[in-house]
Amino acid sequence: MNAWHWISPAKRKRIIKQRYLYLMLVPAFLWSVLFAYGPMVGLYMAFIDYQPTLGKFWSSFFGGKFVGLQWFNLFFAGDEFFLIMRNTLVSSVLSIAIGFVVPIVIAMALNEVRYMAFKRVVQTVSYMPYFISWVIAANIFVTLLSADGLVNELLKLLGLTRDSILFMQEGRYFWGIVAGANTWKDMGYNSIIYLAAIASINPELYEAARVDGAGRVKQAAYITLPMLKPTIVILLILAVGNLLNTGFDQYYLLGNSLNRDYSDVLDTYAFRYGLQNGMFSYASAVGLFKSIVAFLLVLGVNSLARRMKSNSLF
Amino acid sequence: MGSITFNHVYKRYKGEARPAVNDFHLSIEEGEFLVLVGPSGCGKSTTLRMLAGLEEISEGDLYIDDKYVNYLSPKDRDIAMVFQNYALYPNLSVYENIALGLKLRKTAKHDIELRVNRVARILEISHLLGRKPNQLSGGQKQRVALGRAIAREPQVFLMDEPLSNLDAKLRAQTRAEIIKLQSELKRTTVYVTHDQVEAMTMGTRIVVMKDGIIQQVAPPRELYDQPANLFVAGFIGSPQMNFIQGSVTREDGRFYFVNKRIKLPVPEHHYPGFNRDRNGISFIMGVRPEHALLKADTGREEEEGWVRCEVEMTEITGADSYVYVRLGEQTVIVRTDPDKLHRKDDKLLVSFAMNKVHFFEEQSGDSVSLKGDAQ
Ligand SMILES: Nc1ncnc2c1ncn2[C@@H]1O[C@H](COP(=O)(O)OP(=O)(O)O)[C@@H](O)[C@H]1O
Ligand SMILES: [Mg+2]
């Protein structure tokens with residue numbers, strides 16, 4: 001008896017009929033096994049005292065001493081826990097708050113533009129930063145915000161400040177800078193989703209509003225925004241799920257020893273301990289903690305959305 | 001109040017070879033229920049949308065109440081429009097949907113309340129006022145859309161296929177309600193549909209369009225009895241009018257419609273149309289199914305006016321039955337008593353009520369009878 005016999009003849013027939021669809025699923029299946037589920041084995045590392053031995057990964061992996069939640073306790077009790085969590089949460093919430101609204105505004109504004117060439121240029125230009133690597137993007141920001149950079153020169157020209165503001169050196173500016181950089185990089189890309197959603201709105205709605213006497217602003221308020229709501233809710237769920245996933249590159253590249261108290265987030269922290277100091281088990285525990293919180297957040301927001309009778313993700 | 005004049009109006013879309021609306025020239029009287037009808041793509045919606053101000057007029061003048069409105073925005077035209085897909089504001093309640101147009105026009109709050117409630121009572125949607133559009137059925141949504149139009153108390157109602165998303169029963173019911181509402185409100189209404197039954201039952205006057213061009217403007221009865229051309233004759237009426245190809249010959253001062261199988265006397269009131277030189281021209285004789293008659297073939301010599309035919313199939317609609325008979329290469333539909341049963345391949349005789357038939361020039365499609373009348 002193999003598994004095939006457990007499937008009813010009708011189902012068997014359907015599977016055979018749809019064999020090419022199943023075939024198309026194979027790459028995605030392999031991908032998730034290899035890159036999503038496979039590495040989860042490594043989570044075991046968070047619960048042992050892993051000491052790397054050259055050339056003997058598996059024996060040192062499974063031979064490591066089981067220590068339970070020791071690494072988690074160490075992380076929660078550590079001096080830096082509060083600081084790291086604060087930086088991660090505040091910076092992330094700020095990034096979402098700004099980075100979430102701007103694409104909607106861009107999409108709605110672009111939708112009002114009647115001059116197609118201008119619309120296309122704006123769309124392309126705002127889309128481009130998405131393809132720039134953070135190494136370059138971070139350097140652009142560091143240069144712009146340096147003591148004799150463009151921003152300071154402008155501020156002085158406008159008489160808003162006499163001495164250069166040390167943006168990159170003073171930690172209190174860091175969250176804003178990262179939020180701005182995140183927004184700038186992703187706004188064009190994210191606005192495409194909204195533009196697509198707007199394009200699918202039945203034009204009759206706008207015509208009815210015009211006959212009713214609603215201007216552009218009223219049309220946006222009564223038609224565009226409500227029609228975008230399902231898209232907004234779904235993207236918000238996804239964004240909140242990523243609340244602790246601040247991203248690593250921008251913090252690593254924009255952060256420095258002077259603004260460390262503001263720029264050190266879960267990802268950079270895990271990186272520093274795991275790779276730079278060789279505390280693999282500790283870094284794994286920090287990473288796992290992040291994933292669990294993210295998972296709970298997604299579930300929470302999704303059920304909230306469902307209770308609000310809005311669109312939920314699942 | 002509420003009269004409309006189209007003065008040689010054209011609509012040309014960019015990149016389209018022929019105009020979507022071609023020389024639309026028509027006056028609509030105050031209080032009229034005018035229906036624009038025609039196949040899909042014939043320019044009905046475009047015409048209505050130009051009237052609404054949602055589409056620019058390429059050429060010609062448009063007047064509402066003798067006021068030149070070519071460049072007036074929709075909200076300033078004193079019109080209200082009902083759309084095919086209801087077009088309700090998705091996040092506003094039914095009450096707010098009906099009220100918004102009034103609110104935007106700065107109507108006093110208690111006045112809005114009064115009007116919305118009155119309209120809701122007329123349309124029997126009072127119990128739905130608190131709901132959102134996505135909690136309504138299609139029929140209810142369309143009532144709300146009607147309510148939104150009525151509450152504004154405009155001079156002109158415009159409706160673009162408002163019933164085509166409803167199921168058959170609801171469509172008939174809502175159709176009756178719109179007719180009743182219009183006769184009570186006595187407001188000029190321009191109604192677009194592709195459905196000739198809807199057009200015939202609703203309009204006090206009907207405009208038949210094809211390829212952007214007006215084919216005929218007439219009250220329903222006249223459209224049915226005196227179609228101006230082949231297109232109108234074929235479009236109005238279900239089942240379709242039968243078209244029989246032939247030519248006209250003259251013998252002893254009398255005209256006959258002839259082809260390989262038939263020779264039928266042309267009634268005298270059509271003579272003026274044939275008196276001009278019509279030699280060698282092909283004609284089409286149009287006969288409605290109710291103007292044809294069947295009887296059993298006795299097998300004797302052909303009597304005058306009766307033509308041999310055989311039954312192809314029978315369609316029973318309940319009150320009537322339609323027999324499809326073959327007459328050479330031609331199929332002719334005959335309305336008969338449903339009690340008489342005809343089987344496939346039955347041999348029968350068919351005749352036509354010649355004083356009711358229509359003649360058209362095959363080339364131009366124009367009615368010969370009307371041309372004759374004009375002479
Ligand atoms: N925005 C547009 N651009 C180009 N052509 C259009 C546009 N809208 C309608 N048309 C064309 O104009 C003709 C009439 O369309 P329409 O008025 O919508 O027909 P209908 O009688 O079905 O309502 C059609 O051939 C259609 O393809
Ligand atoms: Mg249309």
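**Figure 1. Ser45(B) and the surroundings of ligand 1 in the predicted model.** In this predicted model, a polar side-chain atom of Ser45(B) lies 2.6 Å from an oxygen atom of ligand 1. For Thr46(B), a polar side-chain atom is found 2.5 Å from an oxygen atom of ligand 1. Cys42(B) approaches through its backbone, with an N or O atom 3.2 Å from a ligand oxygen atom. Of the 560 Å² of accessible area that ligand 1 has on its own, the protein covers 61%. The residues that surround ligand 1 are Tyr13(B), Glu16(B), Ala20(B), Ser40(B), Gly41(B), Cys42(B), Gly43(B), Lys44(B), Ser45(B) and Thr46(B). Sorted by class, this shell consists of 3 nonpolar, 5 polar and 2 charged residues.

**Figure 2. Lys295(B) in strand S15 of chain B.** Strand S15 comprises residues 292–296, and Lys295(B) has its place there. Lys295(B) has a relative accessible area of 28% and is therefore partly exposed. Beyond its neighbours within four places in sequence, Lys295(B) is in contact with Glu303(B), Trp306(B), Leu348(B) and Leu349(B). Ile98(B) stands 197 residues from Lys295(B) along the chain, and the C-alpha atoms of the two are separated by 59 Å.

**Figure 3. Chain A and its overall dimensions.** Chain A contains 15 helices and 2 strands. Its radius of gyration is 25 Å, well over the 20 Å that the globule rule gives for 314 residues, so chain A is more spread out than a compact globule. The C-alpha trace of chain A spans about 75 × 70 × 35 Å along its principal axes. Buried residues make up 38% of the 314 residues in chain A. Among contacts in chain A with a separation of 6 or more, 62% join residues 24 or more positions apart. The accessible surface of chain A amounts to about 18,600 Å², and carbon and sulfur atoms contribute 69% of that area.

**Figure 4. Asn87(A) in helix H5 of chain A.** Helix H5 runs over residues 80–112 and includes Asn87(A). Asn87(A) counts as buried because its relative accessibility is 0%, where buried means under 20%. Its side chain makes a polar contact of 3.1 Å with the side chain of Arg86(A). When residues up to four places away in sequence are not counted, Asn87(A) touches Ser92(A) and Trp175(A), together with Arg260(A), Asp261(A), Tyr262(A), Ser263(A), Asp264(A) and Val265(A).

Figure 5. The peptide bond from Ser238(B) to Pro239(B) is cis, with omega near -5°. Pro239(B) has its place in the loop between helix H8 (230–235) and strand S11 (242–251) of chain B. Glu161(B) has a positive phi of about 45°, although this residue is not a glycine. The loop that holds Glu161(B) lies between strand S7 (156–160) and helix H5 (168–185) of chain B. Asp252(B), a residue other than glycine, likewise has a positive phi, near 50°. Asp252(B) is found in the loop between S11 and strand S12 (254–258) of chain B. Glu161(B) is buried, at a relative accessible area of 12%, whereas Asp252(B) is exposed, at 79%.

Key:
Residues numbered from 1 in each chain as written. Chains lettered and ligands numbered in written order. Predicted model: local features only at pLDDT ≥ 70, side-chain atom pairs only at ≥ 80, totals over all residues. Heavy atoms only, no water. Near = heavy atom within 4 Å. Polar contact = N/O pair within 3.5 Å; in protein donor to acceptor, adjacent residues only side chain to side chain. Areas by Shrake-Rupley, 256 points an atom, 1.4 Å probe, with all protein chains shown as cover. Nonpolar A, V, L, I, M, F, W, Y, C, P; charged D, E, K, R; others polar. Helix = DSSP H or I, 4+ residues; strand = E, 2+ residues; numbered from the N terminus. Buried < 20%, exposed > 50% of the residue type's maximum accessible area, 1.4 Å probe, protein only. Contact = heavy atoms within 4.5 Å. Rg over C-alpha atoms; globule rule 2.2 N^0.38 Å.
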